[in-house]
Amino acid sequence: TNPERWKAIRGHFLRANKLDTDYPQPLVLFYESFAAAKQAPTPNARNGLLGAYVLAPFDTGLRVTAGKVLLEMKDAKAARVAFEPVAYSPHAPA
């Protein structure tokens with residue numbers, strides 16, 4: 001993959017975040033761009049993902065991803081907080 005191309009793509013997500021800091025999607029896409037590029041996410045990307053989780057805690061997928069990031073950051077207590085509503089949801093698939 002072309003690093004300059006990914007840098008340009010991520011720049012769009014960062015600009016979108018500056019346009020509306022209460023909209024979590026650009027932060028999620030910024031984080032996900034690292035997996036798409038087969039790169040480890042930066043601390044900035046992880047923090048952005050956690051910021052998106054704060055903005056949209058109702059998003060189950062985002063909660064799970066945030067929980068995984070928190071586990072990677074060795075914060076098991078915060079990860080548990082993220083995972084619990086998903087784990088004990090009466091609407092979760094069997």
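A charge sits over a ring if NZ of Lys or CZ of Arg is within 6 Å of the ring centre and within 35 degrees of the ring normal.

1. First, the ground rules. This is a predicted model, where local features need pLDDT of at least 70 and side-chain atom pairs count only at pLDDT 80 or more, while totals for chains, interfaces and linings use all residues. Numbering runs from 1 along each chain as its sequence is written, and side-chain values use heavy atoms, leaving out hydrogens and water.

2. Helices (H or I, at least four residues) and strands (E, at least two) are DSSP runs, numbered from the N terminus. Along the principal axes, the C-alpha atoms fill a box of roughly 45 × 25 × 25 Å.

3. Now to the charge over a ring. Arg10 lies over the face of Phe34, at 3.6 Å from the ring centre. Phe34 is buried, and Phe30 is too (buried means under 20% relative accessible area, exposed over 50%, partly exposed in between, with a 1.4 Å probe and protein chains only).

4. Phe34 also takes part in a ring pair. Rings of Phe, Tyr and Trp (its six-membered ring) pair if their centres lie within 6.5 Å; planes under 30 degrees apart count as stacked, over 60 as edge-to-face and the rest as tilted. The count by this rule is one aromatic pair. The ring centres of Phe30 and Phe34 are 5.5 Å apart and their planes meet at 80°, so the pair is edge-to-face. These two residues are four apart in helix α2 (residues 25-36), which puts about one helical turn between them.

5. Two loop residues deserve a look at their backbone. Most residues other than glycine have a negative phi. Lys38, in the loop between α2 and α3 (43-55), has a positive phi of about 60° although it is not a glycine. Lys38 is exposed, at 76% relative accessibility. Lys74, in the loop between α4 (60-72) and α5 (76-87), also has a positive phi, near 65°. Its relative accessible area is 74%, so Lys74 counts as exposed.

6. Finally, the chain as a whole. Of the 94 residues, 31% are buried. Taking contacts (heavy atoms within 4.5 Å) between residues at least 6 apart in sequence, 33% join residues at least 24 apart.
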